[in-house]
Every structure is written in structure tokens, then in C-alpha cells.
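Thanks for coming. I will go through one structure today, in two parts, and I will define terms as they come up. Please have a look at the model first.

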There are 2 protein chains.
Amino acid sequence: MSMLSPIPVREIGLKHLRQACSSCSLRELCLPLGLSPDEMHAVDALVSQGKPIKRGEALYRAGEPFRSLFAVRLGFFKTSVVSEDGREQVTGFHMTGDLIGMDAVSTDFHTCDSIALEDSEVCELPFADMEELARKIPSLQHHFYKVMSREIVRDHGVMLLLGNMKAEERIAAFLLNLSQRFALRGYSSSSFHLRMTREEIGSYLGLKLETVSRTLSKFQDQGFIKVQNRLIELIDQDALRHLVSNCPG
Amino acid sequence: MSMLSPIPVREIGLKHLRQACSSCSLRELCLPLGLSPDEMHAVDALVSQGKPIKRGEALYRAGEPFRSLFAVRLGFFKTSVVSEDGREQVTGFHMTGDLIGMDAVSTDFHTCDSIALEDSEVCELPFADMEELARKIPSLQHHFYKVMSREIVRDHGVMLLLGNMKAEERIAAFLLNLSQRFALRGYSSSSFHLRMTREEIGSYLGLKLETVSRTLSKFQDQGFIKVQNRLIELIDQDALRHLVSNCPG
DNA sequence: GCGAGCTGTTGAGCCAGATCAAGGCAAAAC
DNA sequence: GTTTTGCCTTGATCTGGCTCAACAGCTCGC
């Protein structure tokens with residue numbers, strides 16, 4: 001809760017705080033623009049809202065059968081894959097409005113774990129039903145193609161980061177990316193709370209937690225940011241941007 | 001041409017060696033199984049076959065408007081993204097039967113370059129038309145979701161490799177992956193020709209070309225493989241597999 | 001057939017980031 | 001309110017892969 005919160009709560013059932021996509025302020029993040037009232041209603045009928053996930057709990061785990069995509073309504077998730085020999089790679093951090101689970105379409109089983117990093121709430125989009133509905137609503141069909149494509153593009157960006165960038169550049173890029181995503185959701189872009197540990201940041205960026213810690217301290221010494229545990233304040237975003245795009249030497 | 005070649009050539013037009021998906025031996029790689037003859041015919045009507053791309057030429061480049069996905073019919077491609085400051089990251093190598101260009105759906109512009117590493121041929125799948133057809137053919141709609149999802153899973157695998165593995169493990173994984181993909185297409189899994197330079201391998205794996213070269217030499221010294229320029233022979237696949245899954249220490 | 005580039009190999013030395021180690025702090029548990 | 005536990009920071013040292021450099025072998029154009 002805070003700047004983003006204004007999701008009007010409308011009670012429909014007893015068990016659920018059931019709440020329609022049509023009245024959700026995150027609509028434009030999860031769904032295509034320009035749905036007619038009828039179409040919107042059809043979507044509402046399929047999506048179940050407001051499933052709570054406690055901090056530390058898994059929304060799903062690798063190997064579980066796939067049924068639904070999930071939209072993060074509130075909170076923060078990490079997704080990660082684990083190799084046979086037990087090494088974890090965080091593949092993404094996901095916040096309000098993000099759609100997750102697309103990797104599971106390929107095999108009908110989830111291929112990664114999705115863990116809540118704070119108390120969260122998700123909406124469930126049964127994929128088979130959505131696919132059927134998408135056949136009647138071209139923009140919905142296209143939307144899902146787009147969402148998956150966007151994930152591919154994002155992954156390519158991470159590959160670029162992991163394959164080419166130095167520790168400082170990675171961290172700077174990471175902070176700027178978070179900042180931008182918070183801004184897009186109406187939160188402050190210059191001051192935010194990290195939901196993940198240094199180790200999780202490191203796993204995502206291909207670094208050890210000590211390197212993450214040291215680099216943040218260094219940025220603080222240089223006056224680029226202020227770090228206080230998980231509270232980050234960006235003081236000089238331009239300096240960070242400069243680091244990301246000018247480092248190659 | 002060689003073991004995979006038996007695509008019967010059937011002339012339809014004068015300009016094109018037009019050839020139907022319905023009679024293409026790669027069908028099961030590009031298209032869903034179980035299409036009816038009518039459905040197959042509808043697909044044939046949309047897909048234009050046999051566009052040749054010379055070695056070194058671009059199939060498309062980042063920034064170009066998106067119109068179609070492409071199926072590699074013959075040959076070998078690399079795709080790569082370039083950062084603002086000019087660093088290249090190879091995001092994938094693509095061979096016969098692979099579908100490429102999915103990243104472009106998100107913005108309607110291509111986000112990466114696709115370069116032929118040998119003389120190649122592609123089929124063009126106009127995406128808007130395919131989407132429309134997919135509304136009438138559920139399995140086709142699902143197929144494209146699956147293909148994109150598979151790309152996401154693959155990318156997560158690369159992220160794991162780039163984030164966690166050592167040089168030797170990366171190279172071993174790379175060789176095994178190529179081997180497996182050649183096998184799937186009816187080529188030898190133990191002896192193949194690399195279509196890419198050491199530098200391109202390095203870019204894909206987040207290593208410098210010297211490291212790639214050294215590691216291949218080392219594997220040869222250890223008797224795991226035989227290297228003769230771009231010709232690779234896998235002598236002891238188990239040793240390579242062992243490297244990939246047992247290295248963490 | 002011959003020279004000019006690419007492409008690949010190998011060596012020597014160096015450095016960014018990993019590893020190992022020791023504490024400190026803050027929130028949760030008891 | 002104290003202990004526990006997990007998370008973070010910082011220092012010292014080590015090393016895998018990078019950098020720089022020299023050269024060898026192919027391939028392609030002429």
C-alpha cells in the first residue's frame with residue numbers, strides 16, 4: 001500500500017474479496033487496451049482475484065503442472081531456476097502488474113520457482129480458458145503474444161548484462177531498472193526499498209553477495225546513492241547511467 | 001544438404017521454388033502436429049518458402065519493422081543484440097527447423113540482428129496473418145505460445161550458464177547442446193562442423209575468444225574431444241556431461 | 001599461385017571479482 | 001529483554017579468465 005493502492009475493494013462473495021479486472025487500476029498493465037464492456041466482462045468471469053501469498057511462500061515451483069498465469073496484484077516476487085547440481089539462478093524480480101508463469105506454457109509444467117519476497121496478492125488467469133477467449137478477442141490473443149515477447153526481450157537484456165558487463169555496470173543497471181519500474185507504477189523513482197537480499201541480487205546479476213555489498217558501498221562513497229540496509233536512495237542517476245553506457249573503455 | 005535434405009522440390013511459380021509446408025519434412029519442427037488437410041492448406045497459403053540468405057547477410061536487423069517470423073529451412077543463423085555503447089551479445093544460434101523473430105512481437109520492431117553464418121534458406125510466416133489463422137486453428141494458436149515459451153525457457157538456461165558456470169562448464173554445455181540439436185535433426189551427434197567463430201562462441205557464452213580456444217585445446221588434451229579448426233568430434237560425451245553437472249565443488 | 005586478411009592458437013602477466021574470515025546490526029523468537 | 005538468527009559489511013588473499021602480444025594456418029580474391 002501507499003501511492004499505488006487505490007484498488008477499490010468491492011465484496012462479492014464471502015470467501016473472496018472478489019474484485020473485477022474491469023475496475024482494477026492495474027488493468028493497463030495486465031490486459032490489452034480497448035476491450036469492450038462485454039469483453040471485459042468475459043475476462044472478469046475467468047480471472048480469480050486476490051489470492052494471497054505470504055512472504056517466503058511459493059506461488060508455484062518447478063515441476064508442478066501448469067494451469068494458470070499469474071498477475072502480481074500487490075507485492076513482490078522472485079523467479080529462479082535451479083540446475084541439477086543445485087545452483088540457483090534468479091531469473092527475474094516481479095512487481096505489481098507483472099504477469100508471470102509464461103515459461104510453463106512450453107512443457108505444461110512450471111520450469112522455475114516463484115517465491116514471494118513480501119506478503120503479496122496475485123490474480124489467477126487460467127491459461128486454457130484465456131486461450132479460448134483469446135480466439136474471440138484478437139487484442140487479447142495479441143496481448144499474450146506481446147507479453148511473452150517482452151519477456152524474451154528482457155531476457156536478452158539480462159544476457160547482455162551477464163555476458164558483457166562489469167560488476168559496477170551490472171549494479172548500476174539493476175538500480176536504474178528498478179527505479180524505472182517503480183516510477184511506472186507511481187512510486188518514487190529515487191527512493192525505494194529493496195525487497196530482496198544481497199544474495200538474491202547477486203544471483204540475478206551473476207555476482208557474489210560480497211561484491212554486491214561492496215559495490216553499493218562504493219557507490220555510496222562516490223555520492224551516487226545512499227544505502228541504508230535495504231533502503232536505497234538514488235542521488236545521482238546520471239552518474240549511474242553514465243556507468244552503464246560508458247564503461248567499456 | 002546431406003542427411004536432412006529430402007525436401008521434395010515442387011515448382012509452382014516461376015520466380016519461386018514454391019513448396020508447401022504440407023510436404024516439408026521439417027513440418028513437425030515448425031508447425032503443430034495433427035493439422036487437418038484443410039488447415040494445412042490454409043497455412044501453406046500464408047507461408048512463403050525458400051527465401052535464400054547468403055552467408056554473412058542479415059535476415060533482419062534491430063530496428064527494422066516487424067512483419068514476419070522466419071523458419072530456418074536450411075542453414076545456420078546467429079541472433080545478437082548490441083548495447084548502446086556497441087557491445088555485442090550473441091543471444092542464440094539457430095538451425096534447421098528453428099523459428100526466429102519472436103522478440104519483435106513486443107514492439108513491432110526487431111530487437112536483434114539475425115545473421116546467416118552459412119548460405120541459408122528461410123520460410124516467411126507473416127505474423128498478423130498467422131495470428132488471424134490461429135484464431136480458427138486452436139492448435140496453431142497454442143503452438144506459437146509454446147514456441148515463444150520455449151524461447152523463454154532456453155533464455156533462462158543461458159542465464160543460469162552465464163551467471164553460475166565456469167568457462168569449462170560453459171563450453172561443455174555448449175558442445176553438448178549443439179550435439180543434441182544436431183542429433184534431433186538426423187545429423188551426427190558426435191561429429192559436427194561449427195558454423196561460428198571462436199569469438200561468436202565466446203560472445204554467446206560470456207567468454208573471450210582466447211578462453212574458448214584454450215578450453216577447446218584443453219578438452220582435446222584430456223581426450224574429451226577432437227578439434228580441427230571448426231570440425232568437432234566428441235570422444236567422451238560422459239566426461240563433458242560430468243563437467244557440466246558436477247563442477248560446483 | 002600468391003599475398004592479404006581473417007581466424008585460431010599459445011604464452012606471460014595482471015586484475016576484477018571470488019573466496020575465506022571476522023564482526024556488527026536488526027528483526028524475530030522465546 | 002535477551003537470545004537467536006539471518007543479513008550485511010569489510011578486510012585479506014587468491015585465482016580464473018582477461019589482456020596484450022606474437023605467430024601460424026586458412027581462404028578468398030586477384
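Chain A is divided into domain 1 (21–147) and domain 2 (165–246), with bounds that come from an automatic or database domain assignment. This is a predicted model, in which local features need pLDDT of at least 70 and side-chain atom pairs count only at pLDDT 80 or more, while totals for chains, interfaces and linings use all residues. Residues are numbered from 1 along each chain as its sequence is written, chains are lettered from A and ligands numbered from 1 in the order in which they are written, and side-chain values use heavy atoms, with hydrogens and water left out.

Taken over C-alpha atoms, the centres of the two domains of chain A are 26 Å apart. How many residues of domain 1 of chain A are in contact with domain 2 of chain A? There are 16, and they meet 11 residues of domain 2; contact means heavy atoms within 4.5 Å.

The two domains of chain A bury about 1,300 Å² between them, 58% of it on carbon and sulfur atoms. Buried area is the accessible area (1.4 Å probe) that two parts lose on being put together, summed over both. On the domain 1 side, F76(A), F93(A) and M95(A) lose the most area, together 44% of what that side buries.

The interface also has 4 salt bridges, a salt bridge being a side-chain nitrogen of Lys or Arg within 4 Å of a carboxyl oxygen of Asp or Glu. K78(A) forms a salt bridge with E200(A), and their closest N and O atoms are 3.0 Å apart. On the domain 1 side, β4 (76–82) and β5 (88–95) of chain A each supply at least two residues. β5(A) has the largest share, 8 residues. Strands here are DSSP runs (E, at least two residues) and helices likewise (H or I, at least four), numbered from the N terminus.

Now the DNA. Which residues come nearest to DNA strand C? Of the 18 around it, they are A167(A), T211(A), R198(B), S213(B) and S217(B); near means that a heavy atom of the residue lies within 4 Å.

The side chain of R214(A) has an N or O atom 2.9 Å from a base oxygen of DNA strand C, and that of R214(B) has one 2.8 Å from a base nitrogen. Lastly, α7(B) gives the most to the surface near DNA strand C, with 5 residues.

Technical notes. A polar contact is a pair of N or O atoms within 3.5 Å; within protein, one must be able to donate a hydrogen and the other to accept it, and residues adjacent in sequence count only if both atoms are side-chain atoms.
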